[in-house]
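Open the model in your viewer and keep the sequence panel beside it. We will go from stop to stop, selecting a few residues each time and looking at what is there.

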Amino acid sequence: MLYVVATPIGNLGDISARALDTLRTVGLIVAEDTRVTRKLLTHFQIDTPLTSLYRDNERYKSSQLVDRMIAEQLDAALVTDAGTPAVSDPGAYFVQEAAQRGIPVLPVPGASAAVAAVSISGFVNTSYHFYGFLPRGKKECRDKLASMAGKDETVVLYESPHRVIALMENVQAVFPGIRCVVCCDLTKLYEKTLRGTAEEVLEQLKNNPKTEKGEYVVALDVSQTQQLQNTQTAGAQTLEAQLLDAMLLHSLSLRDAMERLAGEGQKKNALYTASLNLKKLLRDN
């Protein structure tokens, strides 16, 4: 049997009695980071053997672990550093391998940062969509955000403390005025929740010297963004229009407007062609 065991996301009091019983009775605990899990086990006086399974070794080690479980008729528990394994954390390959080779896989549910953030968001949408971590590239991130516009749901994202400001800058660029709830270190001693528009939350993050500490969950109310998406789509039909907007709105030269759009992810060759077209259009008119 393979048990997928959720562990606390911060407050040790959130672990379930069933999770503790499982961790005590299995023959092996498979952990993302054995050092982190050892602290949890020590706190609850559990001495079950540990082995690691993390992002860089899970593809090849999963089959080895399943071989061992079968050979030794061993029950195992899969845990991550915090929360539920295989949800924006390692473990999916192990679960897949075990299930495909006939080992029953059972969940032992518990704390979830994504669900916790939705529960305190105050957004009244009837559904939510969990995206985890968005692409790091500015253009790829903004394209992904734009694809969410107009859906009758709450969007939930994860982000690291070193990239949360960049994420919220992208949110602001794609969805100016969108309602946001940004949570840091949920259930921990110094947990905090920021509420407001993207602009308001971004300002709070930039003004907080401790922003680059802790882990973040971001909830966005995308249900009112269809009109914005339509406007953006129309404005993005041509690079010529984007160049002209940059020149007029920000008092830039054509060269500076090209550099601005290049910095936002547009290809330089396409921008050069668009600049020639814009020059001809302005000259002819």
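## Starting at the end of a helix

Begin with Ser251, which sits just after H10 and has a positive phi of about 55°. Keep in mind along the way that this is a predicted model.

Now select the helix itself, H10, residues 239–250. Its 12 residues reach 16 Å from the first C-alpha to the last, close to the 16 Å expected at 1.5 Å a residue. Colour Leu239, Glu240, Gln242, Leu243, Ala246 and Met247, and you have picked out buried residues of H10. Turn the view until you look down the axis of H10: the buried residues fall within an arc of 170°, so they line one face of the helix. What does H10 carry on the face turned away from its buried side? Select Leu248 and Leu249, the exposed residues found there.

Next, select helix H6, residues 138–146, and show the side chains of Cys141, Arg142 and Leu145, which are buried. Viewed down the axis of H6, the buried residues fall within an arc of 95°, so they too line one face of their helix. Which elements cover the buried residues of H6? Among them are strand S7 (154–159), helix H7 (164–174) and S10. Leave S10 on display, as the next stop returns to that strand.

## Salt bridges

Side chains of opposite charge can pair when their charged atoms come close. A search of the whole structure finds 10 salt bridges, and we will visit a few of them.

Select Arg179 and Asp221, whose side chains meet in a salt bridge at 2.4 Å, N to O. Arg179 belongs to strand S8 (residues 179–184) and Asp221 to strand S10 (residues 216–221), so this pair links distant parts of the chain, 42 residues apart.

Move on to Asp67 and Arg101, which form a salt bridge of 2.5 Å, N to O. Asp67 lies in helix H3 (residues 58–71) and Arg101 in the loop between helix H4 (92–100) and strand S5 (105–108), so the pair ties together parts that are 34 residues apart in sequence. Both residues are partly exposed, Asp67 with a relative accessible area of 39% and Arg101 with 36%.

Now select Glu58 and Arg55, another salt-bridged pair, with the closest N and O atoms 3.7 Å apart. Glu58 is buried, with a relative accessible area of 3%.

## Two glutamines in loops

Finish with two loop residues. Select Gln73, in the loop between H3 and strand S4 (76–79). Its phi is near 50°, a positive value in a residue other than glycine. At 74% relative accessibility, Gln73 counts as exposed.

Then select Gln45, in the loop between helix H2 (34–43) and strand S3 (50–52). The phi of Gln45 is near 55°, again positive in a residue other than glycine. Gln45 is exposed, with a relative accessible area of 72%.

Note on methods:
Residues numbered from 1 in each chain as written. Predicted model: local features only at pLDDT ≥ 70, side-chain atom pairs only at ≥ 80, totals over all residues. Heavy atoms only, no water. Salt bridge = Lys/Arg side-chain N within 4 Å of Asp/Glu carboxyl O. Buried < 20%, exposed > 50% of the residue type's maximum accessible area, 1.4 Å probe, protein only. Helix = DSSP H or I, 4+ residues; strand = E, 2+ residues; numbered from the N terminus. Expected span 1.5 Å × (residues − 1). Arc of directions from axis to C-beta. Contact = heavy atoms within 4.5 Å.
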